[in-house]
Amino acid sequence: MTADTVTDVTDDFETHRPVLLGVAYRMLGRVADAEDVVQEAWLRWSAADRGEVRQPRAYLVRVTTRLAIDRLRQVKARGETYVGPWLPEPYVTDFGDTVPDTEERAVLADTVSLAVLVVLESLSPLERAVFVLREAFGYPYAEIAAMLDRGEPAVRRLAGRARRHVEERRPRYQVDPVQRRDLTERFLAAAGGGDLEGLMSLLAPDVRLVGDSGGKSKAPLRVLETADNVGRFLLGAARKSAPDLSFRFLEVNGGPAILVLSGGKPDAVFQLDVLDGRIQAVYIIRNPDKLLSLASG
């Protein structure tokens with residue numbers, strides 16, 4: 001392989017890397033696992049017979065999807081036990097100019113949201129693959145069938161089953177980034193300032209707080225419910241927080257979030273789900289293993 005050929009092969013792959021990471025992350029909910037799958041896809045791509053690859057993007061998405069299915073089956077087969085509630089690893093999203101269409105941007109943000117990814121964990125690997133390829137990336141059923149070596153009728157059945165499952169279990173929320181950012185800023189000000197009345201005014205009566213620590217840091221080991229319980233927990237946590245905390249806004253999983261830093265190192269990520277101008281859910285990710293990808297951000 002000549003130097004020019006190597007460059008072409010690399011350039012072709014890098015063009016499609018964001019899509020491949022998007023597929024792998026939605027399949028796995030873990031940044032490190034998604035990056036491992038994409039790296040393996042690169043090895044397959046670099047060794048592939050160029051004459052046999054007519055559509056590089058389709059080839060790469062097919063390879064990535066199959067590798068992600070294998071990885072997901074391995075995880076489920078190991079029967080991993082997790083301490084406390086589980087949330088996906090926060091995934092920094094910045095669609096930038098690559099997704100100019102507002103509707104497409106909304107779909108991508110929705111299918112990578114924490115709430116939806118939690119529901120996707122209960123799908124089978126094949127159902128999850130079909131849902132991701134169809135709902136997030138809009139692939140036709142015939143192409144998905146070819147990628148998975150399944151008949152199109154079977155793929156349609158998988159898609160219908162997965163869609164019904166997700167719609168029945170996903171919480172209702174709004175993806176308006178302006179409203180979510182405004183409520184996120186007000187939430188931080190009220191919680192950080194010890195303003196219980198102000199915080200309670202932002203919380204829906206049936207708000208839920210889901211904390212993910214993996215048993216490796218302090219966070220509730222069960223889901224908290226009701227505005228009173230959630231509000232008092234948040235203010236209590238704020239009062240006990242370290243004095244060297246700082247905060248940074250960033251976009252993760254398609255929406256605004258707060259990155260909490262302690263001594264300059266990631267300590268937690270907060271994200272809110274919003275509906276009708278009130279906070280419906282508070283997600284807190286404190287498992288240090290899930291914050292590693294944010295350390296250099």
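Biologist: Asp-149, buried or exposed?

Modeller: Asp-149 is exposed, with a relative accessible area of 57%. Keep in mind that this is a predicted model.

Biologist: Which residue forms a salt bridge with Asp-149?

Modeller: Arg-66 does. The closest N and O atoms of the two are 2.8 Å apart.

Biologist: How many salt bridges does the count come to?

Modeller: The count is 20 salt bridges. Side chains of opposite charge can pair when their charged atoms come close.

Biologist: What about Arg-71, which side chain does it meet in a salt bridge?

Modeller: Arg-71 meets Asp-36, at 3.8 Å from N to O. That pair also links distant parts of the chain, 35 residues apart. Arg-71 is in helix 3 (residues 56–78), and Asp-36 is in helix 2 (residues 31–47).

Biologist: How accessible is Arg-71, and how accessible is Asp-36?

Modeller: Arg-71 is partly exposed, at 22% relative accessibility. Asp-36 is partly exposed too, at 42%.

Biologist: OK, Glu-168. Which residue is its salt bridge partner?

Modeller: Arg-169. The closest N and O atoms are 3.2 Å apart. Glu-168 is exposed at 61% relative accessibility, while Arg-169 is partly exposed at 46%.

Biologist: Which residues do shared partners join into one network?

Modeller: Asp-33, Asp-36 and Arg-71. Salt bridges with shared partners join them.

Biologist: Switching to helix 6. How many of its residues are buried?

Modeller: 10 of the 12 are buried, so helix 6 is largely enclosed by the rest of the structure.

Biologist: What should helix 6 span, and how far apart are its ends?

Modeller: Helix 6 covers residues 125–136. At 1.5 Å a residue, its 12 residues should span 16 Å. The end C-alpha atoms are 16 Å apart, which agrees.

Biologist: What follows helix 6?

Modeller: Gly-138 follows helix 6, and its phi is positive, near 65°.

Biologist: How do helix 6 and helix 7 cross?

Modeller: Their axes come within 10 Å and cross at roughly 140°. Helix 6 and helix 7 are therefore oblique to each other. The crossing is right-handed.

Biologist: Which residues make the contact?

Modeller: Helix 6 brings Leu-126, Val-130, Leu-133 and Arg-134. Helix 7 brings Tyr-141, Ile-144, Met-147 and Leu-148.

Biologist: Now helix 7 and helix 8. At what angle do their axes cross?

Modeller: Roughly 105°, with the axes coming within 9 Å. The two are therefore roughly perpendicular to each other.

Biologist: And which residues make that contact?

Modeller: From helix 7, Tyr-141, Ala-142, Ile-144 and Ala-145. From helix 8, Glu-152, Val-155, Arg-156, Ala-159 and Arg-163.

Biologist: Which residues of helix 8 are buried?

Modeller: Val-155, Leu-158, Ala-159, Gly-160, Ala-162, His-165 and Val-166. What covers them includes helix 5 (114–120), helix 6 and helix 7.

Biologist: How does the span of helix 8 work out?

Modeller: At 1.5 Å a residue, its 18 residues should span 26 Å. The end C-alpha atoms are 26 Å apart, which agrees.

Biologist: Different spot. Where is His-16, and is it buried or exposed?

Modeller: His-16 is in helix 1 (residues 3–28). His-16 is buried, because its relative accessible area is 15% and the cut-off is under 20%.

Biologist: What does His-16 touch?

Modeller: Leaving out residues up to four places away in sequence, His-16 touches Pro-56, Arg-57 and Leu-60.

Biologist: Last one. Where does Gly-193 lie?

Modeller: Gly-193 lies in the loop between helix 9 (177–192) and helix 10 (196–202). Gly-193 counts as exposed, at 58% relative accessibility.

Biologist: How far apart are Gly-193 and Arg-157?

Modeller: In sequence, 36 residues. In space, 51 Å, C-alpha to C-alpha.

Notes
Residues are numbered from 1 along each chain as its sequence is written. This is a predicted model: local features need pLDDT of at least 70, side-chain atom pairs count only at pLDDT 80 or more; totals for chains, interfaces and linings use all residues. Side-chain values use heavy atoms; hydrogens and water are left out. Helices (H or I, at least four residues) and strands (E, at least two) are DSSP runs, numbered from the N terminus. The expected span of a helix is 1.5 Å times one less than its number of residues. Buried means under 20% relative accessible area, exposed over 50%, partly exposed in between (1.4 Å probe, protein chains only). Contact means heavy atoms within 4.5 Å. A salt bridge is a side-chain nitrogen of Lys or Arg within 4 Å of a carboxyl oxygen of Asp or Glu. Axes are lines fitted to C-alpha atoms, for helices over the stretch in contact, and angles run from 0 to 180 degrees between N-to-C directions. Angles under 35 degrees count as roughly parallel, over 145 as roughly antiparallel, 65 to 115 as roughly perpendicular and the rest as oblique. A crossing is left-handed if the near helix is turned anticlockwise from the far one by less than a right angle, and right-handed if clockwise.
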